[in-house]
Amino acid sequence: MKILAISAALTAVLATGVAADTVVPSDVVYEDGAVAMSLSGKAGDAAAGEKIMNKGAGNCIACHQITSLDYLAFQGEIGPALDGAGDRWSEAELRGIVANAKVMFEGTMMPSFYRTEGFYRLGDAYTGKAHPGNPEPLLTAQQVEDVVAYLTTLTE
Amino acid sequence: MKNTFKLKTAFACVVAAGLASSAFADADTDKLVINGEIDIITTTVAPAHLENVDTIYSGWHFRSDETQAFQMDDFDNPGMIGVEKASENWDTVDGSEGKSCASCHGEAESMAGVRAVYPKYNEEKGKVTTLAMEVNNCRTERMGAEKWKYTGGTMTDMVALISSVSRGMPVNVAIDGPAQSTWEQGKELYYARTGQLELSCANCHEDSYGMMIRADHLSQGQINGFPTYRLKNTKLNSAHARFKGCVRDTRAETYNPGSDEFIALELYVASRGNGLSVEGPSVRN
């Protein structure tokens, strides 16, 4: 009985991808735009982070250029190139920027990747239909950590 | 004038400014003359009501030379096929009154100048109406015919025909008097940041025109060229269909084509292009 319950709980945790020491979006603490602690309680994987730069909800290169990723065509120009971002910003600052850039850069065009509240006319992904309630964040806690780990490797 | 970077760190600011200017590829300086005879104003000073932009550009300037070329000759412009289809409809009797558009309006050329001033306040209806609404109004109220779907092919072709006879005339929609409250509503919509990506029309088309967003070269999102034939979906597209796509791409709940919100937005966006020539049907990618 007990074992069953535990494994059920574990499955639930795995299914939603939310581990016990994950900080949910509404609990993230920003200090001057930076976030000190890992959001997933784990270290990030820079290789996984590199992939997120180009795909899905990350798609960072829609707006940013990264010279070392020059094999990816069509890099955008909306934000600054991220070359040297690992020199310019600490890990905590990068985590804050990726999780919710609007804290560091007031009014920025950069989307908040780890925020789930306060949207106007929220849609259900790209369907154009309304999304009831709050959405999943654009990136999971672990994906934010992976991206941050990747950004810290961007030194000049 | 354009204020894209608001970095707090002075150092990052210098780096960003340097990169932004080197990467900046603004509107090109090509000239558009259609059929060797219709001069199109594609660049001009911004209307007085625009606060953050000095010069307005047709979306034509932001497209590749190949795409631009399609629009220089009606034989190369695939949007003209829709205009031809609409010309047939113009003369076709439909509905219980036994009339065609031509029965009352004569030649389609009688519509010269109409596109340039729409959307426009309609006294009788007591509201701002679009060309598509006027067409449907004639169909249901004057012809006894069924209305056409707002963004459907038949309607968009007809709007393209009506636009084509105004090509070269400057857009000049009224924003004051009885149209003013609708215009204000449209302006609010233009600056509202929607959806999970929290982007407004202004973020992309006012703050960032001339820049690349992924593979797209951002224009000012003007509608003087509508309906536009898009190489991407190989058909004529109405302004409201385009608005819908742009709102959807912010991961937002869109408004419906023909809704009061999109009518207001169309008036506002049209007014941002006051002074550019009517260009529709234009060609875009």
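1. Start with R139(B), which counts as buried because its relative accessibility is 6% and the cut-off for buried is under 20%. Please keep in mind that this is a predicted model. R139(B) forms a salt bridge with D94(B), with 2.7 Å between the closest N and O atoms. R139(B) sits in helix α5 of chain B and D94(B) in the loop between α3 and α4 of chain B, so the pair ties together parts that are 45 residues apart in sequence. D94(B) itself is partly exposed, at a relative accessible area of 33%.

2. Two further salt bridges in chain B also deserve a look. E51(B) pairs with K187(B), the closest N and O atoms being 2.9 Å apart. This pair links distant parts of the chain, 136 residues apart: E51(B) is in the loop between β3 and β4 of chain B, and K187(B) is in helix α7 of chain B. E51(B) counts as exposed, at 53% relative accessibility. K127(B) pairs with D260(B), and here the closest N and O atoms are 3.6 Å apart. K127(B) is in strand β6 and D260(B) in helix α10 of chain B, 133 residues apart. K127(B) counts as partly exposed, at 34% relative accessibility.

3. Over all chains, the whole structure holds 13 salt bridges. In chain A, E91(A), R95(A) and E145(A) are joined into one network by salt bridges that share partners.

4. Now to the interface. Chain B and chain A bury about 3400 Å² between them, 56% of it on carbon and sulfur atoms. Q196(B), R214(B) and R251(B) supply 24% of the area that chain B buries against chain A, more than any other three residues. The contact takes 37 residues from chain B and 44 residues from chain A.

5. Which polar links cross this interface? There are 16 residue pairs in polar contact and three salt bridges. One salt bridge joins E198(B) to R115(A), with the closest N and O atoms 2.8 Å apart. On the side of chain B that touches chain A, α1(B) gives the largest share, six residues. The residues of that side divide into 19 nonpolar, nine polar and nine charged.

6. Last, the annotations. An unreviewed UniProt entry places an "active site" at C246(B); this residue lies in helix α9 of chain B and is partly exposed, with a relative accessible area of 34%. For chain A, an unreviewed UniProt entry lists "domain: Cytochrome c" at residues 44-155. That span is 33% helix and 0% strand, and its end C-alpha atoms lie 17 Å apart.

How values were computed: Residues numbered from 1 in each chain as written. Chains lettered and ligands numbered in written order. Predicted model: local features only at pLDDT ≥ 70, side-chain atom pairs only at ≥ 80, totals over all residues. Heavy atoms only, no water. UniProt positions renumbered as here; feature names shortened; annotations may be inferred. Helix = DSSP H or I, 4+ residues; strand = E, 2+ residues; numbered from the N terminus. Buried < 20%, exposed > 50% of the residue type's maximum accessible area, 1.4 Å probe, protein only. Contact = heavy atoms within 4.5 Å. Buried area = accessible area lost by both parts, 1.4 Å probe. Salt bridge = Lys/Arg side-chain N within 4 Å of Asp/Glu carboxyl O. Polar contact = N/O pair within 3.5 Å; in protein donor to acceptor, adjacent residues only side chain to side chain. Nonpolar A, V, L, I, M, F, W, Y, C, P; charged D, E, K, R; others polar.
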